[in-house]
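Open the model in your viewer and keep the sequence panel beside it.

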Amino acid sequence: MGFSLTRVFAERPAAAWVQRSPRAPWIAVATVCTGAFMGQLDASIVSLALPPMQREFHATAGGIEWVALSYLLTLVALVAPIGRASDWLGRKSVYTFGFAVFTLASAACALAPNLWTLIAFRIIQAIGAAMLQANSVALIATSVPRDLLSKAIGVQGAAQAVGLALGPTVGGLLVSLGDWRWIFAINVPFGIIGIIAGWYLLPQSHSLAQRSRTDPISLLSFISAIVLAMLGLSLIGHPGSGITIGAVLIGVAVLVGLFFGWQARRSTAPALALSLFAHRDFSRGILSGLVSYAVLFGVLFAVPIAASTHTSPATTGLLLTTLPVILAVLAAPAGFLAHRFGYSPVTLIGLGLAAVGLILLGAIGSSSLLPGLVVLGIGSGLFTPANNASIMASVDPVEAGSASGTLNMTRGLGTALGVSAATLLVHPGGAGFSFTMYLFAAVAAIAVLGASIPGLQSRRSSGRQS
């Protein structure tokens with residue numbers, strides 16, 4: 001090779017005034033919040049642009065679906081391996097380069113002349129997003145003292161929730177004022193700000209792992225398993241042959257995943273750091289996080305279907321905005337509560353309240369959704385920041401990128417699982433909205449028991465020492 005990756009990704013320290021500032025950790029948190037906001041804004045904004053894209057490109061519904069699906073598949077498949085590589089390349093540099101890739105690809109998406117060019121640039125955009133997401137929580141975990149970790153992750157969670165909440169509104173405004181290309185063009189100025197801020201304000205990476213060449217067989221099998229699972233989950237909610245094909249793909253994904261596990265145990269540098277799961281708190285946090293994302297996004301998908309016979313689309317949209325707004329309001333306070341009382345009580349109460357909210361949704365049905373959505377939002381708002389902080393506190397800083405990447409991969413898998421379950425159960429001929437909510441509540445209750453029976457999650461580094 002004529003170049004060295006370590007030289008390409010060589011980092012520089014933060015600006016001198018940042019290093020001298022007593023607020024340096026919070027400057028790093030604010031910088032990361034830029035990427036967290038943009039990532040969730042972009043994730044929730046694109047769906048509104050699909051109809052005008054389809055009209056302009058004269059595309060089929062199946063073809064235009066790949067604008068969103070190609071991004072999601074790439075992001076979820078790559079975020080964990082990129083996080084592992086960041087642990088030796090440098091988390092700051094990978095994060096900053098990710099902003100550059102994301103920004104350039106966004107500009108290219110805005111200029112795409114046809115559908116398949118747009119899809120190709122969406123894949124590149126997702127690679128940049130994976131570089132961002134794999135390091136967002138890791139940068140916080142390695143920049144902020146452990147006793148402030150839950151607070152910092154709560155602030156970052158608020159930025160994510162605001163982006164998720166504003167996505168539909170901003171997307172609708174941009175599409176109505178101009179055309180769909182503006183939803184990608186708007187990323188460019190924010191991306192430039194993010195690149196500059198990341199380069200000058202984020203601290204140089206410390207606690208890096210020893211450089212290792214990722215085992216190509218484990219990498220290929222890992223990516224294949226994730227892509228097959230995501231494709232299967234996206235199809236299993238479709239009536240007719242889609243269910244059969246989706247189930248087959250998921251079955252193949254399980255087999256490929258088992259092969260990956262076998263290969264990873266034999267490899268010195270697998271694509272996913274299986275050693276992370278030796279930490280009991282990490283494993284329980286990842287599993288309960290998967291449940292929470294499945295529940296939250298399953299509800300976000302099921303509610304419009306259930307409410308369509310009772311309320312207008314505008315009213316349903318306002319109802320759904322309740323969830324991300326509550327998440328945004330509670331994210332930072334949840335971090336402070338976890339800092340004060342420890343991770344375990346806040347995560348367990350949060351998941352418990354989420355289960356109660358789901359029971360309310362099932363009991364009342366689609367006639368009155370607001371009470372159940374409010375309780376579900378409060379539960380999710382309490383749970384997510386505390387759970388994320390507990391996951392990151394359970395691992396060594398040298399594994400922060402791997403842990404952050406795995407955490408974000410879980411989010412994507414949980415989202416796909418929840419949407420597939422809701423589609424399958426709520427569509428005409430399915431089990432119905434109330435049954436779906438009761439099922440989600442039962443799963444959430446099992447997650448609460450799973451997190452509490454073996455012994456409450458460790459409170460170490462939870463802030464009680466302050």
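Select Glu399 and show what surrounds it: apart from neighbours within four places in sequence, Glu399 is in contact with Asp87, Ser275, Leu276 and His279, where contact means heavy atoms within 4.5 Å. This is a predicted model, in which local features need pLDDT of at least 70 and side-chain atom pairs pLDDT 80 or more, while totals for chains, interfaces and linings use all residues. Residues are numbered from 1 along each chain as its sequence is written, and side-chain values use heavy atoms, leaving out hydrogens and water.

Stay on Glu399. Its place is the loop between helix 16 (370-393) and helix 17 (400-426); helices are DSSP runs of H or I, at least four residues, numbered from the N terminus.

Which side chain of opposite charge is nearest to Glu399? Select Arg84, 6.1 Å away. Glu399 is buried and has no salt bridge. Buried means under 20% relative accessible area, with a 1.4 Å probe and protein chains only; a salt bridge needs a side-chain nitrogen of Lys or Arg within 4 Å of a carboxyl oxygen of Asp or Glu.

Next, select residues 24-45, which form helix 3. Of its 22 residues, 16 are buried, so helix 3 is largely enclosed by the rest of the structure.

Methods: Helix = DSSP H or I, 4+ residues; strand = E, 2+ residues; numbered from the N terminus. Buried < 20%, exposed > 50% of the residue type's maximum accessible area, 1.4 Å probe, protein only. Lys, Arg positive; Asp, Glu negative; His and termini not counted. Expected span 1.5 Å × (residues − 1).
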